[in-house]
Amino acid sequence: MAATKTARPAYVCADCGWTTSKWVGRCGECQAWGTVDVAAPVRTGRTQAAPVATPAVPISQVTIESARSTTSGIGELDRVLGGGVVPGAVLLLAGEPGVGKSTLLLEVAARWARAGRRTLYVSGEESAAQVRLRAERTGAVDDNLYLAAETDLGAVLTHVETVKPGLLIVDSVQTIGSADVDGVPGGVTQVREVASAVIQRAKRDNIATLLVGHVTKDGSVAGPRVLEHLVDVVLQFEGDRSSRLRLLRAVKNRFGPVDEIGCFDLVDDGIVEVPDPTGLFVSRHEQPVPGTCVTVTMEGRRPLLAEVQALTVKSSTPSPRRTSSGLDSSRVAMILAVLTKHCRINLSELDVYTATVGGARLVEPSVDLALAIATVSAQRESAVPANLVAIGEVGLAGEVRKVSNLVARLREAERIGFRQAVVPAGSEGLDGIRTSMTIMAVSNIEAAMACLDVTAPY
């Protein structure tokens, strides 16, 4: 008689879902210690054919009326989603602790409820009384907004059956657990089970669903990667703790673009939209100030004006300091080297400090030209005209390269009130653009400095 073969146990990381055939103390994927544990045995069998819920039909006969997007009541969120919330869609909102995820979703729930539609807000991290206090502070109290504090998946599904909401918010998916699945809430198995059950109910009853997700220390969504594959939309809510500005961007969107951003201002009594955030990154001076230059950067499809500042002072040490805030330090070092080589500017005895205004983080190469002009302006103590913007990428050979969406950038600068622009020569759309701005097209960094007349010795 042949001996029966016993299946070897599998071990799974509770943080990232990495599997291995033997126990190890450290996960081979996320490098976390003490997170690998034995997994529950998997039942195997041959799946048989089963009755279908709805028969397959030609795609041309599928009706799309039930999938039309509905406005959330917040224009910046609708912009990111591509027009609004699609019924039955499941959205995952991730962000660092304290960035304002719960505040934003409570505002979404309140505006949805004020439109006469039922909303169910399930809080797994706060009590109902705590959420009510925040709703009182932000003015989010409405009779169509139902609130439940639950951490059990079965209870959450019961609330959904009872309330029958048009919008379901679960804050957060890592705090909900199922008694039928092994593991603690927030683990790989539990998160997968909770997300699958909520998504199945949302699709069946056509309920728009918003899930709050935690993030790891490197900014990625916590839990198994399959969570991002299961949902329809993944939104990232980010912002600097020292600034009130918050940016919402789509990482994945099955119903719209992924290159749009929404801007919000986190105030004392809640969160408000910022339809025109340009003024947050530009400081207006009564008189032209040396060491400043304005550029236009693209955040998704939205052009934003941002100010780059530079300061040069006599160094007191043999090795001059190079300090940057809001800019890529390696990019700053490259621009300083190009200025030294091609503009014959001696920075070897100067400390150079570069920064942005309003806490903006500028990583786009189109900022290079404004950074170079601001640095030379600070070194020569010659101010750049206050109504001028500089847009262009600077190469190691000193050339000024083309950038994308130049016409849209120039139109935004003209709308704000700028009348001069330094741009790369040969850029697309310059010949046919209708503008009152004086456009100076340059092919290299020397030409850019010459047309501004900031390279003359002080």
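1. Strand E1 (residues 11-13) and E2 run antiparallel and are joined by two bridges. Within this pairing, Val12 has Thr19 of E2 opposite to it.

2. Some context on the chain as a whole is in order. The model is predicted, and the chain comprises 458 residues, 47% of which count as buried. Ten helices and 21 strands are assigned to the chain. Along the principal axes, the C-alpha atoms fill a box of roughly 90 × 60 × 50 Å. Among contacts in the chain with a separation of 6 or more, 65% are made by residues 24 or more positions apart.

3. Surface and charge may be taken together. The chain has an accessible surface of about 23,300 Å², and carbon and sulfur atoms contribute 52% of that area. There are 47 positive and 50 negative side chains, with the centres of the two sets 4 Å apart.

4. A further open sheet contains nine strands. Their order is E6-E5-E7-E8-E4-E9-E10-E11-E12, and the pairing is mixed. The edge positions are held by strand E6 (145-149) and strand E12 (270-273), each pairing on one side only. On average, and with direction ignored, neighbouring strands of this sheet are turned by 25° against each other. In general, the strands of a sheet pair through backbone hydrogen bonds, either parallel or antiparallel.

5. Strand E5 (residues 119-123) runs parallel to strand E7 (residues 167-171), and five bridges join the two. Val122 has Val170 in E7 as its bridge partner. Helix H4 (residues 153-163) packs on the sheet and touches E5, E6 and E7. The direction of helix H4 makes about 165° with that of E5. Helix H3 (residues 128-138), for its part, lies across E5, E6 and E12, and runs at about 145° to E6.

6. Is Ala113 buried or exposed? The residue belongs to helix H2 (residues 101-114). Ala113 counts as buried because its relative accessible area is 1%, which falls under the 20% limit. Leaving aside residues up to four places away in sequence, Ala113 touches Thr119, Asp142, Asn144 and Leu145. The C-alpha atoms of Ala113 and Ala140 lie 9.2 Å apart, although the two residues are 27 residues apart in sequence.

7. The pairings of strand E14 deserve a separate point. Strand E13 (residues 292-299) and strand E14 (residues 302-314) run antiparallel, joined by eight bridges. Thr292 has Gln309 in E14 as its bridge partner. Two residues lie between the strands in the hairpin of E13 and E14, where Gly300 takes a positive phi near 70°. Strand E14 also pairs with E16 in the antiparallel sense, over seven bridges. In that pairing, Val313 stands opposite Asp351 in E16.

8. Which residues does Thr354 touch, not counting residues up to four places away in sequence? Thr354 is placed in strand E16 (residues 350-356). The contacts of Thr354 on that basis are Gln309, Ala310, Thr323, Ser324, Ser325, Leu327, Val332 and Leu371. With a relative accessibility of 3%, Thr354 counts as buried, because buried means under 20% relative accessible area.

9. Gln287 provides a contrasting case. This residue is found in the loop between E12 and E13. Gln287 is classed as exposed because its relative accessible area is 58%, and exposed means over 50%. Gln287 and Leu311 are 24 residues apart along the chain, and their C-alpha atoms are separated by 17 Å.

Terms used
Residues are numbered from 1 along each chain as its sequence is written. This is a predicted model: local features need pLDDT of at least 70, side-chain atom pairs count only at pLDDT 80 or more; totals for chains, interfaces and linings use all residues. Side-chain values use heavy atoms; hydrogens and water are left out. Helices (H or I, at least four residues) and strands (E, at least two) are DSSP runs, numbered from the N terminus. Buried means under 20% relative accessible area, exposed over 50%, partly exposed in between (1.4 Å probe, protein chains only). Contact means heavy atoms within 4.5 Å. Accessible areas come from the Shrake-Rupley method with a 1.4 Å probe; for residues, only the protein chains shown count as cover. Lys and Arg count as positive and Asp and Glu as negative; His and the chain ends are not counted. The place of a charge is taken as NZ of Lys, CZ of Arg, CG of Asp or CD of Glu. Two strands pair if DSSP finds at least two bridges between them. Axes are lines fitted to C-alpha atoms, for helices over the stretch in contact, and angles run from 0 to 180 degrees between N-to-C directions.
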